[in-house]
Amino acid sequence: MKAFHWILLYCAAPLLSDVQGTYHLMAGDPELMAAQSYAQTRNNGHPPLRTLNPAKTDSQCRSRSLDLVFIIDSSRSVRRGEFEKVKIFLANIVDTLEVGSDSTRVAVVNYASTVKTEFLLKDYFSKLDLKKAISRIEPLATGTMTGLAIKTAANEAFTEQSGARPRSRNISKVAIIVTDGRPQDQVEEVSAAARGKGIEIYAVGVDRADMQSLQLMASTPLEDHVFYVETYGVIEKLTSKFRETLCGVDPCSMGHDCEHICVNSNASYYCKCRKGYILNADKKTCSLKQVKVEVVEDPCKCEARLAFQKQTQAAIQQLAAKHIQIERLENTVGRA
C-alpha cells in the first residue's frame, strides 16, 4: 500500500510542479505582503518564445466607454520573453473592449529609468491598429521610475490634447500599471494626485513586485484594484478579471427610445441622428435639417422699378392732361 502511495506521488509530482499562482491581493494580507516567487527560478529552461499576433481576435464584450492608459514596466528585470507576455496581456485586454473614437480609447506609457509614451489616446481607433502598435513596443531596459511614469500619464497621456475626452462627457479614466519591481522613486503623492484628477488606478504586481507600493498606487477599495501573479507566464490569467471589471452593461441593446442611433455612455446612453438630420428637443427623435432660403432683392432692380413707375405715372399724367385739352378744344369748336 505504501508502495502504491509513493508511485501515485511520483506520477503527480510533475503536475504539481507546474502549478503557478494568481493572487487577488487583499488589503493587509501578511502572506501576500511577504510573497516572493520561486516559480520563476525553479525552471531555468527556455520555452519557445510566444509573440503577439495582432490579427488574432478573441470574443469581445460590450464595454463601457473608457480613456484607458497602460503603464508598463520594461526595466532590466523584465526579460524579453516576459515583456512579450506583457504585450500579449495588453492585446488580450484590448480584445475585450469596444474600441473606437466614441467608445474606448487606449494609450500606452512605457517606463524604466526614463518614460516613453508609445502612443496616445487619439492615435488608434481600431483593435487591429492598436495591437500592431503594441507589438512594436520595445523594452527600455534600465531603472524602475514608476512614480515618474504615473506623473507622465496623468499630466500628458490623460489630457484633451492627447485624446482624452472632456470631463463633461463623463468618460471613465482608467490606468493599469504592470510592474515586477520596487519603485526607485516616490509613488504615493503622484498616485494620489492622479486619483484626484479622476483617474482610477489598477496595480498589477508580478514576482518581486513591492506589495506596499502597489497599495500606495492603486485606487480603493484595494481588494478590487490590486493584483499579484507569481510569474509573467500566468499574467494572461488576469485578462478574465479585467474583462469582468471593464465590461459593463450595454444599455442600447437592452432597449432605447432613439429614433436613429443609440450610443452607449457608461451605464447610460444618448441619441444621435443620421447625417442630414438634427436631434429634436426631446433628445430622442430626429428631424430633417431645414434649409433657410432668404431672398434678397437687388437694390439696383428696386431703383429701376421705382424709376419705371415714376416714368409711367408721369406719362399717364401727360396723356390725361392732353385728353383734357382736347375735350376743351372740342367743346369750344362745338359752341362756335
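**Rings, salt bridges and a helix face**

Q: What separates Glu84 and Lys87 in helix α4?
A: About one helical turn, because Glu84 and Lys87 are three residues apart in α4. Helices here are DSSP runs of H or I with at least four residues, strands are runs of E with at least two, and both are numbered from the N terminus. The model is predicted, so local features need pLDDT of at least 70 and side-chain atom pairs count only at pLDDT 80 or more, while totals for chains, interfaces and linings use all residues. Residues are numbered from 1 along each chain as its sequence is written, and side-chain values use heavy atoms, with hydrogens and water left out.

Q: What makes the contact between Glu84 and Lys87 a salt bridge?
A: The N to O distance is 3.1 Å. The definition asks for a side-chain nitrogen of Lys or Arg within 4 Å of a carboxyl oxygen of Asp or Glu. So Glu84 and Lys87 qualify. A search of the whole structure finds eleven salt bridges.

Q: Why is Glu84 called buried?
A: Its relative accessibility is 10%. Buried means under 20% relative accessible area, exposed means over 50%, and partly exposed lies in between (1.4 Å probe, protein chains only). Glu84 therefore counts as buried. Lys87, at 2%, is buried too.

Q: How do you know whether Lys116 and Glu118 are buried, partly exposed or exposed?
A: Glu118 has 21% relative accessibility. Lys116 has 42%. Both values fall in the intermediate class, so both residues count as partly exposed. Their side chains meet in a salt bridge at 3.8 Å, N to O.

Q: How many aromatic pairs does a search of the whole structure find?
A: Four. Rings of Phe, Tyr and Trp (its six-membered ring) pair if their centres lie within 6.5 Å; planes under 30 degrees apart count as stacked, over 60 as edge-to-face and the rest as tilted.

Q: Why does the pair of Tyr202 and Phe242 get its geometry label?
A: The centres are 5.5 Å apart, so the rings pair. The planes stand at 70°, so the pair is edge-to-face. Tyr202 sits in strand β6 (residues 199–206) and Phe242 in helix α10 (residues 239–246), 40 residues apart. This pair links distant parts of the chain.

Q: What makes the pair of Phe227 and Phe242 tilted?
A: The angle between the planes is 55°, with 5.4 Å centre to centre. That angle is neither stacked nor edge-to-face, so the pair is tilted. Phe227 lies in strand β7 (residues 226–229), 15 residues from Phe242 in α10. Phe227 is buried at 1% relative accessible area, and Phe242 is buried at 0%. Ring pairs link Phe89, Tyr202, Phe227 and Phe242 into a cluster.

Q: How do you know where the buried residues of α5 lie around the axis?
A: These residues of helix α5 (residues 127–135) are Lys127, Leu130, Lys131, Ala133 and Ile134. They cover an arc of only 155°, so they lie on the same side of α5. The arc is that of the directions from the helix axis to the C-beta atoms. Their cover includes α4 (80–95), β3 (105–111) and β4 (115–119), where contact means heavy atoms within 4.5 Å.
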